[in-house]
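Here's a quick tour for anyone meeting this structure for the first time.

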Amino acid sequence: MVNKKKNVWTLEDELEHFPIAKEWWSTLGFFTTTENNQKWSFKIDFAQYYKKSSFESSTLSLTIFNLNTNKMFSYFSIDESSKLKSSKNEFYMKFDKSFIKGIFPNYQINVNDAKNNIKLNLKYNAKSSPYWVAKQATNGWLPWGVGYFRYGFIPNNDLEG
């Protein structure tokens, strides 16, 4: 039996929702290098913040961790003068020279870590359907302060890069 991927979120779910207090897009995963068989994990975050309906800042953070040596590389950059660049036609978030873009089930991620001289260029293909946390209870909506948010993820992916 073939397991077809079903997209449970829409492009509207992935796009930015101006002007909310905080928006955050995160990609994380594991990979093994082909040249020396080292095991790694990574986490990439793009975020933007608003205060009283006016722009406050946008950020990019990257953490890469070598599971064999316990060595970590960490990068954080903040821009208090411009929000993330985005698109209305596809999921696209850009901070400086780094971006994530695509339409389910395929995404491209390019991140430049100037501090550690690291460039990640990844192709990300969903092998499973997206999943909203708390879907059965609230269709994915969770309380946050005096508001609410949704947290979704794709549990099974192929990563190349």
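Contact here means heavy atoms within 4.5 Å. With that in hand, take phenylalanine 46: leaving aside neighbours within four places in sequence, its contacts are Glu23, Trp24, Trp25, Thr59, Leu60, Leu84, Met93, Phe95, Ser98, Phe99 and Ile100. Keep in mind that this is a predicted model.

**The nonpolar core**

- Which residues touch the most other members of the largest nonpolar core? They are Ile44, Phe46, Ile64 and Leu120, out of 27 residues in that core.
- Strand E2 (39-51), E3, E4, strand E6 (91-95), E8 and E9 are the elements that give two or more residues to this core.
- E9 gives the most to the core, with five residues.
- As a bit of background, nonpolar side chains tend to be buried together in soluble globular proteins.

**The open sheet**

- Six strands make up an open sheet, and their order is E5-E6-E7-E8-E9-E14 with antiparallel pairing.
- Its edge strands, strand E5 (85-86) and strand E14 (157-160), each pair on one side only.
- Starting from the E5 end, two bridges pair E5 with E6 in the antiparallel sense, and serine 86 has methionine 93 in E6 as its bridge partner.
- These two strands, E5 and E6, form a hairpin with four residues between them.
- E6 is also joined to E7 by five bridges, again running antiparallel, and lysine 94 stands opposite phenylalanine 99 in E7.
- The hairpin of E6 and E7 has two residues between the strands, and aspartate 96 takes a positive phi near 55° there.
- Over at the E14 end, strand E9 (residues 118-126) and E14 run antiparallel and are joined by four bridges, with asparagine 125 opposite aspartate 158 in E14.

**The E1 and E2 pair**

- Strand E1 (residues 22-32) pairs with E2 over 11 bridges, in the antiparallel sense.
- One of the facing pairs is lysine 22 and tyrosine 49, the latter in E2.
- Six residues sit between the strands in the hairpin of E1 and E2, where asparagine 37 has a positive phi near 60°.

**A buried charge at aspartate 113**

- You'll find aspartate 113 in strand E8 (residues 106-113).
- Aspartate 113 is buried yet has no salt bridge.
- How far away is the nearest side chain of opposite charge? That side chain is lysine 115, and it is 6.6 Å from aspartate 113; a salt bridge needs the side-chain nitrogen within 4 Å of a carboxyl oxygen.
- What aspartate 113 does have is a side-chain polar contact of 2.8 Å with asparagine 116.
- Not counting residues up to four places away in sequence, aspartate 113 also touches Leu62, Tyr75 and Ile118.

- Lysine 101 belongs to strand E7 (residues 98-103).
- Phenylalanine 91 and lysine 101 are 10 residues apart in sequence, and their C-alpha atoms are 5.1 Å apart in space.
- Setting aside neighbours within four places in sequence, lysine 101 contacts Glu90, Phe91, Tyr92, Asn106, Tyr107 and Gln108.

**Backbone features in the loops**

- The peptide bond from phenylalanine 104 to proline 105 is cis, and its omega is near 15°. Proline 105 lies in the loop between E7 and E8.
- Asparagine 70 isn't a glycine, but its phi is positive, near 65°. Look for asparagine 70 in the loop between strand E3 (54-66) and strand E4 (72-79).
- Asparagine 70 counts as exposed because its relative accessible area is 55%, and the cut-off for exposed is over 50%.
- Alanine 134 is another residue with a positive phi of about 65° that is not a glycine. Its loop runs between strand E10 (131-132) and helix H2 (135-138).
- With a relative accessibility of 26%, alanine 134 counts as partly exposed.

Methods: Residues numbered from 1 in each chain as written. Predicted model: local features only at pLDDT ≥ 70, side-chain atom pairs only at ≥ 80, totals over all residues. Heavy atoms only, no water. Buried < 20%, exposed > 50% of the residue type's maximum accessible area, 1.4 Å probe, protein only. Lys, Arg positive; Asp, Glu negative; His and termini not counted. Polar contact = N/O pair within 3.5 Å; in protein donor to acceptor, adjacent residues only side chain to side chain. Pairing = 2+ DSSP bridges. Core = buried A, V, L, I, M, F, W, Y, C linked by side-chain atoms within 4.5 Å.
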